[in-house]
Amino acid sequence: MTALQKDRKQGPATAPAAPAAPTKPALHRRTTRRHWWFTPWLYLLVPLTLLVAFTYLPIIDMFGYSATDWDGISPTSENVGADNYLELFTRPELFKVFLVSGVYLLASFVQIAAALYFATVLSFNTRFRNLFKGILFFPYLMNGVAIGFVFLYFFQPGGTLDSLLGTVGYHGRLMWLGDPDLVNKSLAGVSVWRYTGLNMVLFLGAIQSIPGHLYEAASLDGANRWQQFRHIIAPSIKPIISLSVILAISGSLAVFEIPYIMTGGANGSQTFVIQTVNLAFKFDKVGLASASAVVLLALILLVTWIQRRLVPEERVELS
Amino acid sequence: MRRGWVAVAAATMVVLTACSGGSGGTSSSAASAAADPAKVSGDITVLTNRTDQIKDGSLKKYADEFSRTYPNVNVKFEGLTDYEGEVKIRMNTENYGDVLLIPDNVSINQYPTFFSPLGDSAELSKTYNWTDYTTVKDKVYGIANYGTATGLVYNKAVWQQAGVTQWPKTTQEFIDDLKAIKAKGQATPYYTNYKDAWPLQKWTDNIGGPSCDQGGKDKLSTTAEPWAAGQDLNAIDGLLYTTVHEKLSEDDPTTTNWEKSKTLLGTGRIGAMLLGSWAVPQMQAAATAAGQNPDDIGFMPFPQATAGKLCTIIQPDYKYAVNVHSKNKEAARAWIDWYLNKSGSAQAEQAVSSVKGSPLPASLKPFEAQGVTLLLGQNQQNAAVISKIDKGSEIGLGSPDYRQKLVDTARGAAQGDMNSYFADLNKKWAASQKTVTG
């Protein structure tokens, strides 16, 4: 098929035999195939090895652990069948922590809206737009641990946020992390700050694929910026928006890093993943923790599937 | 190209060995001491949580002194910042140093799987304190370097300014004293260190203190409701609850900072913190660094007297053990023996050396003077059962989460009050105890 393979077929060793009998070409085609069928796999070997070793094997192991009572350290463990799943589903308090995810989910819609706004504004000829792109994307490049520490100072009583509010005349003493009604909103705010840039870059990329003459035609027809957004940009980048929503929902179900570093799950900020980590490493219930990880995986797959059914993927034709 | 293949093969090997590491140890030969130091040889790695001592070179100094007696042993240190978390995961492989500190959250009945026996308990308990903490079937698996008294680090100047000269002997007296400090307005009376969390688990070390009973902890295995009135945990957690509930602790516990708390206590802006006596030298150093008088830092026992006498438990610090997979057990044992007996590190830390007959450190001299009863550790007969009940109940006496919730309840950030929370804890404990002991 490729030039290389054609060359091979006409090679000096096999060429004279080719016209002899009708069965021979088939045979010799088979020999050349035997040499080459695995070529693409050679290129894929390294990434596939990594993928299998660090994603699929651990997942298989996780399924295995979830059927045992392993405590995370002893060399032996007993098979307990579905007991862990039974325990999980007979203890509703283990699922109560998903309420916390609701706060993050609401915040992620704020995040998508903000990202859309910035992406749209920055896709037009705004002054310093590359600088602003950089500034907005920068938080995503920072390490999550560093962000956690920075925002600990930010939220301290009398810290950065309080002084900032003080300059605009607000002197109330809110405990951003200490107040149980505020803590999850504060933490979700940090996560919005961190991920808006990533969403914005995704949207920007999609917006830039819209041909320029569409805007031109629209502005000739007298469409303002909002109308351009409403009728050209939004429909054109619909697949990316729905992808962002899927990522936002699965992300909010699996929030971990920011609350774990900043509060350790204290004061009602515990998420499902933090709870799972505690079960595994504080209470030595690796079996039960694996079962909850499996349940989380199933939940995310389910939510994604439902979303895919509700908003089917469609091709957007740009002309 | 060929080099690429080698790399892939190597990576695969690493992955495979990492996956198969959990097979566990079979060899259990004892790590016994050698008679002649010159004959002991080998390279050993010592895992430690004291990254500060690696940085300031004091561990290196000990190793140099050690090599004068044991010229053929080469000691290397490996410092781990998150010691508990990292070592426990590494213990799934065979590679967790030659000498290590036993992580707190490994249950005692698992010791024989991971550590070499160091000798018979009858023999070793003659020389060292606290060997019962690591004894399984008459064999000792780890020896502590030193122990520390449990109690409160406090700033004497702050307490004196508030007109308090005597150590409080009841919860009520303690709360009144803190109120007097608060009235002065100079200092936060009590600091929880809620955000860093581990200081909250130090409250557990006081079990046995309020009742002045070395068997206080062992009783937990047979007590269905450890948070009922009159029990140690009721006194301990009740004190914390009342302190926070009366607003005698910092305003926002969720943003506390351990490193900063040392300076705050040293400069008289915090009245007291519940920790071990090991914290005294650290606070004194912080006071000196801030230009204050280090002699202002004092240490007092848990404020609950039994028959008019205060009482404190002296808890062992980390216990040193030898990896059961170690190739140089003799050298590892030599290091432990030398470090505990000859290095003088326990004295340098102002701690109670585990070697029997060592003098008490300066920070505990006032305890002797005031006639405080010193109990050498808690009894450990039922330690394994208690750990099982505790983990089964998901309360976590050894982890800070349930006390964070206690603080949250006390300051009104979580639902309920002291009685409802204690009732909840009692219920969980009783249920788990039923499953474990039948």
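Author: A disulfide is a pair of cysteine sulfur atoms within 2.5 Å. Keep that cut-off in mind as we look at this predicted model.

Reader: Glad to. What makes B:Cys212 and B:Cys311 a disulfide?

Author: Their sulfur atoms are 2.2 Å apart. The cut-off is 2.5 Å, so the pair qualifies as a disulfide. With 70 degrees about the S-S bond, this link is right-handed.

Reader: And how many disulfides does a search of the whole structure find?

Author: The search turns up 1 over all chains.

Reader: Why do you say that B:Cys212 and B:Cys311 tie parts of chain B together?

Author: B:Cys212 sits in the loop between helix H9 (198-201) and helix H10 (232-245) of chain B, while B:Cys311 belongs to strand E12 (residues 311-316), so the link joins parts 99 residues apart in sequence.

Reader: Are these two cysteines buried or exposed, and how do you know?

Author: B:Cys311 has 1% relative accessibility. Buried means under 20%, so B:Cys311 is buried. B:Cys212 has a relative accessible area of 24%. That value lies between 20% and 50%, so B:Cys212 is called partly exposed.

Reader: Let's turn to chain A. How do you know whether the span of helix H9 (residues 183-208) agrees with its number of residues?

Author: At 1.5 Å a residue, its 26 residues should span 38 Å, and the end C-alpha atoms are 38 Å apart, so the two values agree. Helix H9 of chain A also bends by about 35 degrees at A:Tyr195.

Reader: Back in chain B, what makes E4 and E5 edge strands?

Author: The open sheet has 3 strands in the order E4-E6-E5, with antiparallel pairing. Strand E4 (119-120) and strand E5 (135-136) each pair on one side only, and that makes them the edge strands.

Reader: How do you know that E5 and E6 of chain B pair?

Author: There are 2 bridges between E5 and strand E6 (residues 139-140) of chain B, in the antiparallel sense. Pairing needs at least two bridges, so these strands count as paired. Within the pair, B:Thr135 stands opposite B:Val140 of E6.

Methods: Residues are numbered from 1 along each chain as its sequence is written. Chains are lettered from A and ligands numbered from 1 in the order in which they are written. This is a predicted model: local features need pLDDT of at least 70, side-chain atom pairs count only at pLDDT 80 or more; totals for chains, interfaces and linings use all residues. Side-chain values use heavy atoms; hydrogens and water are left out. Helices (H or I, at least four residues) and strands (E, at least two) are DSSP runs, numbered from the N terminus. Buried means under 20% relative accessible area, exposed over 50%, partly exposed in between (1.4 Å probe, protein chains only). The expected span of a helix is 1.5 Å times one less than its number of residues. The bend at a residue is the angle between axes fitted to the seven residues ending there and the seven starting there.
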